[in-house]
Amino acid sequence: MEVEAFQKLDPQTFYRKFLSEGVRPDGRGLQEVRDVAVSCGVLTAPHVAASALVTLGDTKVVTGITLQVGQPSQAEPGCGDVEVSVHLTPLCSSMFSVGRPSEQAQALEALIRDVLTASRPFRREDLLIEARRFAWRLCIDMYCLSYEGNAADAALLSVAACLLRLRLPPTVITPDGEVLVAEGEGTPLPVSHVPLPLTFGVFEGALVADPSLLEEDLVAAALTVVQSLDEGKGGSGGGGAARVCAVHKAGGACVAPALLARALALGRSHAQRVLPVLRGAAASAAAAAAATAPGT
Amino acid sequence: MRRRLRFDGRTGDQIRGLFADQGILNRADGSVRFGAGNTSVLVAVYGPAQPAQQKKEKPDRAIIEVSWRADKGAQTSADAERELYVRRTLEEAVAVARYPRSVISVVVQVLCDDGSVLSAAINACAMALVDAGVEMIGMPVAATACFSGSGSAAAAAPEQLQHLGESHLQLDPSASEEATTRATVMLAVLAGSDGILTMKMTGQLGAEELFAASEAARKACDAVSVYLRRAVEAKVLRDVANLQ
C-alpha cells in the first residue's frame with residue numbers, strides 16, 4: 001500500500017508503527033522538541049512595551065505587551081491587572097474562523113493568565129503607580145502566525161521573553177490627577193522566575209514531547225507542565241531544583257502518576273536548554289537597542 | 001501528625017460535608033443539586049438527543065456540550081476554561097460510542113461558589129449523568145487540594161519561603177482559603193483507578209509537594225466516590241419503594 005494511503009486510512013496504526021521504532025513521522029525522537037528560536041523587540045511601534053516572536057518548528061507566534069494606566073480593582077487596591085488575549089485566526093490555520101474566540105484560544109488565555117497571576121513570576125504590586133488610584137495594566141496580545149501544533153508552548157515562551165524585556169516607564173502625576181508618562185528609560189519589571197512550558201501528547205502510555213499538528217489529533221491526551229528553574233543555586237547540570245508553576249491536563253486518557261513525574265523531569269531538562277535561548281534573545285535585543293539609542 | 005485546625009474547624013485532610021438532591025428538575029432528563037459545605041451547583045443533563053444543528057453530529061459517537069453559568073457576573077474566559085475541563089473530563093467517562101449521532105447537553109449552574117467549585121461541578125455532572133441513565137465507562141470523581149500560605153510568600157525567594165515555612169496541605173479549600181493559597185491542585189480520576197484523568201494545578205509548588213497534594217486529592221476522590229455510590233443507591237431504592 002502507498003504510504004500516504006496507509007496514513008490516511010489508518011492514522012493510528014501508521015503512528016503506532018513509527019513509535020514502536022522510537023521515531024516520529026517527522027523524524028524526531030519521542031522526547032525531541034522542535035527547534036526553538038526567539039527574537040525580542042520585533043514590534044517597533046512606540047506604544048508596544050515589549051514584544052517577542054517565537055518559532056517552534058513551523059509554529060510561529062508573536063506576542064506584544066502594551067501598558068495602559070488603569071484604576072486598581074476594589075478587591076486588590078495594591079495590584080495592577082493583567083489582561084490576556086489570544087488570537088487564533090484563519091491566518092494561522094484553516095481550523096480557526098473569525099469571530100468569537102475559539103474554545104482553544106480561551107483555554108490558552110486561561111493558561112497564560114494562570115501562570116502569570118498564580119505562579120507570580122512578577123509581583124503585581126510592582127505594577128502599582130499610586131495605591132487605589134493608578135496602576136499599570138498589562139495587556140498581553142498573542143497572535144499565532146502559523147499553527148503547526150503546540151501553540152501553548154510557543155505562546156508561553158513568547159510571553160516569558162516579553163517579560164524579560166518589559167520596562168515600566170517613569171510617570172508623573174499632575175495636580176489634576178492625571179498620569180503622564182515622563183521621558184526616560186524606565187525601570188525593568190522585576191521577574192523572580194521564568195515559567196517555561198513543555199507540552200506532551202500521551203499515546204498508548206508513551207510521552208511524546210511537543211506534539212505537531214498531525215500528532216495532536218492522534219494522541220489520547222495532552223499534558224502541559226510549566227516549571228521554573230531555581231537559578232543561581234543548584235548550578236550547572238545536575239538537574240538543578242525546579243518549581244512547578246502549572247500542570248494542565250484536561251481529560252483524555254488517564255495517565256499514571258509515574259508518567260507525570262517523568263513529564264516533569266523532561267520538562268525540567270528542556271527548561272534548562274530553553275532558558276539560555278530566551279535570555280540570549282533578550283540580551284541581544286537590549287544590545288541592539290543600546291546601539292541605536294545614541295544615534296537618535 | 002500535628003493537627004492544626006482551619007478557620008472552619010476542619011483539619012487539613014478533612015473535606016466539607018457533601019449533599020446531593022437528585023432528580024429535582026422536572027424537564028431535564030437528569031439533574032442534581034450537589035454541594036460541599038457552602039459550595040453548591042445545580043446540574044441538568046438533557047439527552048442523548050438529536051443535535052439541533054446537524055453539522056455538529058459525529059457519525060460514531062455522541063458529542064457532549066457543557067455550558068457553565070457562574071453564580072454572578074457575565075461569562076469570563078475562566079468560565080470558558082471550566083467548560084472545557086468539564087467537557088473533556090466527561091467525554092472520557094461517558095460511553096460516547098454507545099450514542100452515535102447524538103448530543104448530550106450538560107448545564108452547570110453555580111448556585112454558590114465557596115471554593116473548589118470545579119471539582120464540585122465534576123462530581124455533580126457525574127451524578128446527573130447517572131440520574132439521566134446515560135451509560136458510562138467509569139464514574140468521574142474530583143477533589144481539590146491546596147497549599148496554604150499567602151501568594152506573596154510564593155513570590156519571595158525560596159530561602160525566605162523556608163523562613164515563612166508555614167505551608168499546609170488543605171483539602172477541599174473554601175473560597176477564603178483559595179484566595180490566600182500558594183498553589184491549588186484539582187484532580188479528577190475515574191472512581192477506583194489510579195490514573196490521572198484531569199489535573200489542573202496553578203500556583204507554585206515543588207515536585208514532591210505536587211505529588212503529595214495529588215495523592216491527598218486522590219484519597220478525597222475515593223471518599224467522594226463512596227458518597228456518590230451510596231447516594232445513587234439510596235435514590236434508586238427510594239424510587240423502587242415508591243413504585244410498589
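Mentor: Over residues 234-239 of chain A, pLDDT stays under 50, and for this stretch the predicted model has 2 contacts beyond four places in sequence. Where pLDDT is low, the predicted coordinates should not be read in detail. Chain A as a whole averages a pLDDT of 89, with 95% of the residues scoring at least 70. For chain B the mean pLDDT is 88, and 92% of its residues reach 70 or more. Chain B also has a stretch under 50, residues 151-165, for which the model has 17 contacts beyond four places in sequence.

With that caution stated, the interface may be considered. Here 35 residues of chain A are in contact with 35 residues of chain B. The two chains, A and B, bury about 2900 Å² between them, and carbon and sulfur atoms account for 57% of that area. Across the interface of chain A and chain B there are 12 residue pairs in polar contact, both residues being at pLDDT 80 or more. On the side of chain A that touches chain B, the elements giving two or more residues are helix 3 (103-118), strand 14 (242-249) and helix 6 (257-292) of chain A. Helix 3 of chain A gives the most to that side, with 9 residues. By residue type, the side of chain A that touches chain B divides into 17 nonpolar, 7 polar and 11 charged residues.

The charged pairs come next. Side chains of opposite charge can pair when their charged atoms come close. Between chain A and chain B the count is 2 salt bridges. In a salt bridge between the chains, the side chain of A:Glu103 meets that of B:Arg87, at 2.4 Å from N to O.

Strand pairing also links the chains. Strand 14 of chain A is joined by 5 bridges to strand 9 (residues 198-205) of chain B, and the two run antiparallel. Within this pairing, A:Val247 has B:Met201, in strand 9 of chain B, as its bridge partner.

Over all chains, the structure holds 34 salt bridges. Among chain A's own pairs, the side chains of A:Glu76 and A:Arg124 meet in a salt bridge at 2.8 Å, N to O. This pair links distant parts of the chain, 48 residues apart: A:Glu76 is in the loop between strand 3 (59-70) and strand 4 (81-87) of chain A, while A:Arg124 is in the loop between helix 3 and strand 5 (128-130) of chain A.

Two backbone details remain. Most residues other than glycine have a negative phi, and most peptide bonds are trans. A:Asn150, in the loop between strand 6 (134-146) and helix 4 (151-165) of chain A, has a positive phi, near 55°. In chain B, a cis peptide bond joins B:Gly47 and B:Pro48, with omega about 5°; B:Pro48 lies in strand 3 (residues 39-49) of chain B.

Terms used. Residues are numbered from 1 along each chain as its sequence is written. Chains are lettered from A and ligands numbered from 1 in the order in which they are written. Side-chain values use heavy atoms; hydrogens and water are left out. Contact means heavy atoms within 4.5 Å. Buried area is the accessible area (1.4 Å probe) that two parts lose on being put together, summed over both. A salt bridge is a side-chain nitrogen of Lys or Arg within 4 Å of a carboxyl oxygen of Asp or Glu. A polar contact is a pair of N or O atoms within 3.5 Å; within protein, one must be able to donate a hydrogen and the other to accept it, and residues adjacent in sequence count only if both atoms are side-chain atoms. Helices (H or I, at least four residues) and strands (E, at least two) are DSSP runs, numbered from the N terminus. Ala, Val, Leu, Ile, Met, Phe, Trp, Tyr, Cys and Pro count as nonpolar, Asp, Glu, Lys and Arg as charged, and the others, Gly among them, as polar. Two strands pair if DSSP finds at least two bridges between them. pLDDT is the predictor's confidence in each residue, from 0 to 100.
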